[in-house]
Amino acid sequence: MSFDESLREVLLQTDDLEWVEKSLAGLSHKMLWRDPETEASIALVRFEKGSGIPSEHKHASNQFMFCLSGRYVYLPTGTTLTKGSFYWNPKGVMHGPTRAEETSILLEVYDGPHYPERPSFYDNDEDAR
């Protein structure tokens, strides 16, 4: 068995990373990993209390979220993420709007690109990645 010497372990201390604000008020993230070829990604996202995704939308890949803290609600269904909750939204399923009833931190994983096209709640393409 051969070993690819270009591979290496990576360790991030998330407390050392700055929260990066997005163009949607109350939303920030810490990007932990992104595959430039597939656009798959892993990030910490933070919704400040009262913020959320303002409209129904869908994703171009599967979305997985694990709630680290807070209370994050999908308004039409009442689905509520609290500490320890795992949420899976399959590719192409319409969902939202959402609201953070408490400041909420989620580990968010996409297995491909986030959106089929930039949603109207972002004012630039980078925020939709």
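## Rings and hairpins in a predicted cupin-annotated chain

A quick word on the ground rules. This is a predicted model, where local features need pLDDT of at least 70, side-chain atom pairs count only at pLDDT 80 or more, and totals for chains, interfaces and linings use all residues. Residues are numbered from 1 along each chain as its sequence is written, and side-chain values use heavy atoms, leaving out hydrogens and water.

**Aromatic pairs**

The structure holds eight aromatic pairs. Rings of Phe, Tyr and Trp (its six-membered ring) pair if their centres lie within 6.5 Å; planes under 30 degrees apart count as stacked, over 60 as edge-to-face and the rest as tilted. Two of the pairs are set out here:

| Pair | Centre to centre | Angle between planes | Type |
|---|---|---|---|
| Tyr 74 and Tyr 87 | 4.6 Å | 20 degrees | stacked |
| Tyr 115 and Phe 121 | 6.3 Å | 75 degrees | edge-to-face |

Tyr 74 sits in strand β4 (residues 63–74) and Tyr 87 in strand β6 (residues 86–89), so this pair links distant parts of the chain, 13 residues apart. Strands here are DSSP runs of E, at least two residues long, and helices are runs of H or I, at least four, both numbered from the N terminus. Both Tyr 74 and Tyr 87 are buried. They also belong to a cluster, linked by ring pairs, that takes in Phe 47 and Tyr 72.

**Strands and hairpins**

Two strands pair if DSSP finds at least two bridges between them.

On to the next pairing: β2 and strand β3 (residues 41–47) are antiparallel over seven bridges. Met 31 has Ala 43 in β3 as its bridge partner. This hairpin has six residues between the strands, and Glu 39 takes a positive phi near 70 degrees.

**The annotated stretch**

UniProt, in an unreviewed entry, lists residues 9–113 as "domain: ChrR-like cupin"; such annotations may be inferred rather than shown by experiment. Over residues 9–113 the chain is 0% helix and 48% strand, and the end C-alpha atoms are 24 Å apart.

Key. Buried means under 20% relative accessible area, exposed over 50%, partly exposed in between (1.4 Å probe, protein chains only).
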